[in-house]
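Keep the structure open and follow along.

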Amino acid sequence: PNPNPNPNPNPNPKDEVDFLSRAGATLAGKESLVAELLSLCARLLSSTPDFVAQPVEALACAQTLLCMRLMLRQRKGVERLRDDAAVALYLKALEVPSAASDPERDVADRGLNCLAVALTRDEQKIRWFCAEKSGVQMLLRVLRSSRATTTLFNAARLLYYIAGTTPSALQELVSSRPQDDFIVLAAFLVRSQHPPFPKGAERVRLVAEMLKLLFLLQNFAVSSGAIGSLLEEDSPMMTELGILTCEIMALPNSFMEVVDLKMHLVHLLLFMPDSFVAFLALQETSMDLLALLEVQITRRLTDEDIDERAMGPLLQVLQKLAHQDQACREQMAAALFPNPAPDRGPLPVGALTPEARQKFMEDRMHPVDVPEGTFRARFIRLCCSLDMNVKSTAVEILYEICNRDENVLVDRIGFGNAVAFLRMKGLVNVAGL
């Protein structure tokens, strides 16, 4: 019976959790409810040969698994939902074809949700799942099959969690060489027109999970000293990844989900070979990356919870582009500094008289033509960041787009913002400054 005298026709998950908490308020009540749920789920999975042809049974099984997932959130009295027999039930549910047209009847997706909760924070269970149930291969089969987007997302997220926390699982994932499958799936999702990307939040999240998995594989390749093992440098799949990168970076930044997706892609670009960077430079991707940086700086100004260190990888990719390609330097310089640089002569050398020092402080200490609130003003402010990585990389970028001329750099950003960088490079020697 429904304990709520005024049932809500559209209950939310919290209502369902409250109901289950009341239904199993005592430890014995929880254990009894868990036993009933397991029995019902097992009976439905074994007695229903075709869930597609029997939608009522599919709905009953999916809702039973939903109740089991909600019960898994509780600490005591639900141990049976995490044991080997229960995991076997979740895996059997995962074999049921996805009901893409009706998520409420998607038995496979509900079973995958239960599996993820049952494995979370249980290293011993994860190792058992990988060794005894071939967990990594099972999740890869799901990703290679025709499933609902939600199911694919949950499978990718669980695979990322398992591989990221279990070294043996990561080794098995690397040995399976699934990077081509991840790139193909991400490209299909981005280019699908039903609806056009980035509409459909689940598709954006799934592409992000594919990029995170690729980064996991790439990070392993870098740490093991085998950077070329991720993708062959001149292979068709490397070209496909380059095209996909340009397509994603060209998306408008009006959706925060897309901005976060691009940041996942930036992490993947950190250790790509020089030929890949040259391809991105040819496609003028530096301007898209610069626009992304502007969005991130603006978000940082309006949301104190955003860590400034998160901009480090994006700045490193921009610095790499600016260092390797003259056209990129010119494009970035035109975007940041549309007006010609003032020519105030070379930096002084040696000791300065008090009068000369005073004049230098007045003329050269601060940047000119940097109105408050502009992107270049906010970019230059990164040169004073408390994070050394952000600070040094930001000045490196500005030095590159100033044609590696210390005099132009000082004219553009001011001696006060550039002095630490110039001293580190040995480009200035002025006593008393």
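Predicted model: local features only at pLDDT ≥ 70, side-chain atom pairs only at ≥ 80, totals over all residues.

## L409 and the nonpolar core

Skipping its neighbours within four places in sequence, L409 is in contact with V395, L398, Y399, C402, G414, A418, F421 and L422. L409 also belongs to the largest nonpolar core, a set of 130 residues. Within that core, L409 is among the residues with the most contacts, along with Y90, L115, F182, F379 and L398. Which helix gives the most to this core? That's α11 (residues 201-223), with ten residues.

As background, nonpolar side chains in soluble globular proteins tend to be buried together.

## The whole chain

Zooming out, the protein has 22 helices and zero strands. Of its 433 residues, 45% are buried. Take the contacts with a separation of 6 or more: residues 24 or more positions apart account for 69% of them.

## Helix α9 and E172

Helix α9 covers residues 167-176, and E172 sits in it. Is E172 buried, partly exposed or exposed? Its relative accessibility is 24%, so E172 counts as partly exposed; the cut-off for buried is under 20%. Not counting residues up to four places away in sequence, E172 touches C130, V136 and Q137. S134 is 38 residues away from E172 in sequence, with 9.9 Å between the two C-alpha atoms.

The buried residues of α9 are A169, L170 and L173. Looking down the helix axis, they fall within an arc of 100°, so they line one face of α9. They pack against α6 (123-132), α7 (135-143), α8, α10 and α11. On the face turned away from that buried side you'll find the exposed residues P167 and S175. After α9 comes R177, with a positive phi near 45°.

## Helix α14

Now look at α14 (residues 274-282), where F276, V277, L280 and A281 are buried. Seen down the axis, these residues fall within an arc of 145°, so they too line one face of their helix. What covers them includes α12 (236-249), α13 (256-269), α15 (285-302), α16 (312-324) and α17 (326-336). Just after α14, E284 takes a positive phi of about 60°.

## The second largest pocket

The second largest pocket holds about 180 Å³ of space. It is lined by 13 residues, and the closest to its centre are R147, T149, L152, F188 and L189. Helices α8 (149-165) and α10 (179-191) each supply at least two residues of the lining. The biggest giver is α10, with three residues.

What's the lining like by class? Five residues are nonpolar, five are polar and three are charged.

## Loops worth a look

The loop between α10 and α11 holds both P195 and P198. The peptide bond from H194 to P195 is cis, with omega near -5°. Another cis peptide bond joins F197 and P198, with omega about 15°.

N403 has a relative accessible area of 52%, so it's exposed, while R404 counts as partly exposed because its relative accessibility is 36%.

P338 is in the loop between α17 and α18 (354-364). At 53% relative accessibility, P338 counts as exposed. Leaving out residues up to four places away in sequence, P338 touches A333 and R376. D369 is 31 residues from P338 along the chain, and their C-alpha atoms are separated by 9.9 Å.

T64 is in helix α3 (residues 55-72). Is T64 buried or exposed? T64 is buried, with a relative accessible area of 5%. Apart from neighbours within four places in sequence, T64 is in contact with L37, L40, C41 and L44.

How values were computed: Residues numbered from 1 in each chain as written. Heavy atoms only, no water. Buried < 20%, exposed > 50% of the residue type's maximum accessible area, 1.4 Å probe, protein only. Helix = DSSP H or I, 4+ residues; strand = E, 2+ residues; numbered from the N terminus. Arc of directions from axis to C-beta. Contact = heavy atoms within 4.5 Å. 1 Å grid on protein atoms, 1.4 Å probe; cavity = no way out; pocket = protein on both sides within 12 Å on 5 of 7 lines; lining within 4 Å. Points joined across faces, edges and corners; volume = space filled by probe spheres on them. Nonpolar A, V, L, I, M, F, W, Y, C, P; charged D, E, K, R; others polar. Core = buried A, V, L, I, M, F, W, Y, C linked by side-chain atoms within 4.5 Å.
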